[in-house]
Amino acid sequence: MMKFKMPILLVTLGCMIVTSCQQESVVLETEVASLTSQVALNAKEQLPNPLFDSTKKGIYHGVIASQNSQSRGKIWINLGNNTKFTAVVEMQDGIKASFVGVENSTRGGDSNYVFKGKKGSFIVKANSVYNPEIYAVEFLDSSDYAVFAIKSTSTRMAISYTGTFNETGNTAFAGTWNVLSNGIDSPNGYNGATISQVMVTFGNTTFVDSVMESEAGNFNCWNNSAWIPIVDFGGNPNEGVMAFKQQSNFNGVVDWDLGYSDSWYIGSPTYINPQVPGLLGKSVGLGCLLESSGSFTWTAAADATVRQGEIYVDVVP
């Protein structure tokens with residue numbers, strides 16, 4: 001009987017190898033199909049590929065803004081999400097641009113992706129899964145622009161709102177004010193997504209604040225518990241921004257409030273100030289004072305000059 005053990009063992013091993021190869025083939029075919037299923041779509045239209053959720057490839061979304069004017073827009077960057085490298089820009093004034101990228105790998109370092117199009121160029125350094133460095137931005141015949149983008153995943157889509165600010169009565173002190181969310185669900189109990197960054201541009205400088213304050217129980221018309229700043233209140237896309245009693249350091253201390261509702265609050269775009277006595281108790285949103293804008297108080301670090309002004313969110317068509 002011993003003489004039959006070797007063939008039986010070989011047959012068993014052969015079956016295991018065939019089965020393993022078949023399984024690997026199925027996985028490979030699935031991955032290839034996943035990569036190529038969106039090959040005809042641009043960077044904005046694509047859904048993030050789950051294959052890249054924890055890698056430095058996939059879809060990145062954010063804001064492109066001038067550092068010396070109020071020109072601003074949104075950007076979508078595709079780093080191999082569908083085997084290609086492409087990008088799309090949509091400016092607030094209606095200008096659109098597309099880019100094609102080329103991967104330049106560096107030995108032992110991070111890959112660089114050089115994007116070029118008819119309206120400009122930029123380089124993405126894949127040095128972070130979440131927030132790659134984007135530099136050498138040339139756009140609309142200007143080197144004034146900056147780009148800040150964060151990762152979208154198959155379970156969390158990055159969200160952005162663009163906007164502007166200016167000192168009251170002084171349009172010379174003005175720039176862009178933009179809000180980004182990494183798509184993490186709001187813990188406030190009203191759906192929406194938490195704000196992860198605020199990007200402000202002016203004076204040939206880009207400022208980014210990645211730490212949002214959570215204010216507890218101090219909103220007379222909003223709620224009694226800690227409020228974490230969010231976008232898309234109620235889980236409704238483009239619904240607005242709810243960030244109150246925030247403080248940032250942009251070459252000085254900036255205290256700011258930005259409560260903007262596209263339609264939820266009164267059925268049309270409006271701004272909300274929750275730091276006034278509520279008319280109808282402390283249920284969320286009831287009795288908040290309506291405003292014409294968000295607001296800021298900016299105390300310069302150099303000479304303690306105090307500037308106060310307005311923040312405006314771009315209405316999404």
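Predicted model: local features only at pLDDT ≥ 70, side-chain atom pairs only at ≥ 80, totals over all residues.
I started with I64: leaving aside its neighbours within four places in sequence, I64 is in contact (heavy atoms within 4.5 Å) with R72, G73, K74, I75, V89, M91, V137, F139, Y145, A146 and V147. Residues are numbered from 1 along each chain as its sequence is written, and side-chain values use heavy atoms, with hydrogens and water left out.

**I64, continued.** I found I64 in strand β1, residues 58-66. Strands here are DSSP runs of E, at least two residues long, and helices are runs of H or I of at least four, numbered from the N terminus. Is I64 buried or exposed? Its relative accessibility is 2%, so I64 counts as buried; the cut-offs are under 20% relative accessible area for buried, over 50% for exposed and partly exposed in between, with a 1.4 Å probe and protein chains only. I also checked I64 against V147: 83 residues separate them in sequence, but their C-alpha atoms are 4.4 Å apart.

**Whole chain.** Of the 317 residues, 44% are buried. Among contacts with a separation of 6 or more, 50% are between residues 24 or more positions apart.

**The cores.** Next I looked up nonpolar cores, meaning sets of buried Ala, Val, Leu, Ile, Met, Phe, Trp, Tyr and Cys residues joined through side-chain atoms within 4.5 Å. The largest has 25 residues, and F165, W177, W256 and W298 have the most contacts inside it. At least two of its residues come from each of β11 (170-185), β12 (193-202), β17 (240-249), β18 (252-261), β21 (294-300) and β22 (306-313). β12 gives the largest share, five residues. Another core lies apart from that one, with 22 residues, including L79, F85, F122 and Y145. I jotted down a general point too: in soluble globular proteins, nonpolar side chains tend to be buried together.

I then listed what W298 touches. Neighbours within four places aside, W298 is in contact with F165, F173, W177, V200, F202, F250, N251, V253, V254, T305, V306 and R307.

**Strand β10.** Why did I call β10 largely enclosed by the rest of the structure? Because five of the five residues of this strand (163-167) are buried. G163, F165 and E167 point one way, T164 and N166 the other way, and all are buried.

Which strands pair with β10? Pairing takes at least two DSSP bridges between two strands. β10 and β22 run antiparallel and share five bridges, with F165 partnered by I311 in β22. β10 and β11 also run antiparallel, with four bridges, and T164 has T176 of β11 as its bridge partner. β10 and β11 make a hairpin with two residues between them, and G169 in the turn has a positive phi of about 75°.

**The cavity.** I searched for cavities, meaning sets of points on a 1 Å grid over the protein atoms alone where a 1.4 Å probe fits but cannot get out; lining residues have an atom within 4 Å of a point. One cavity of 30 Å³ or more turned up in the whole structure. Which residues line the largest cavity? I noted Y161, T162, G163, W177, N178, V179, L258, Y312 and V313. β11 gives the most to this lining, three residues.

How values were computed. 1 Å grid on protein atoms, 1.4 Å probe; cavity = no way out; pocket = protein on both sides within 12 Å on 5 of 7 lines; lining within 4 Å. Points joined across faces, edges and corners; volume = space filled by probe spheres on them.
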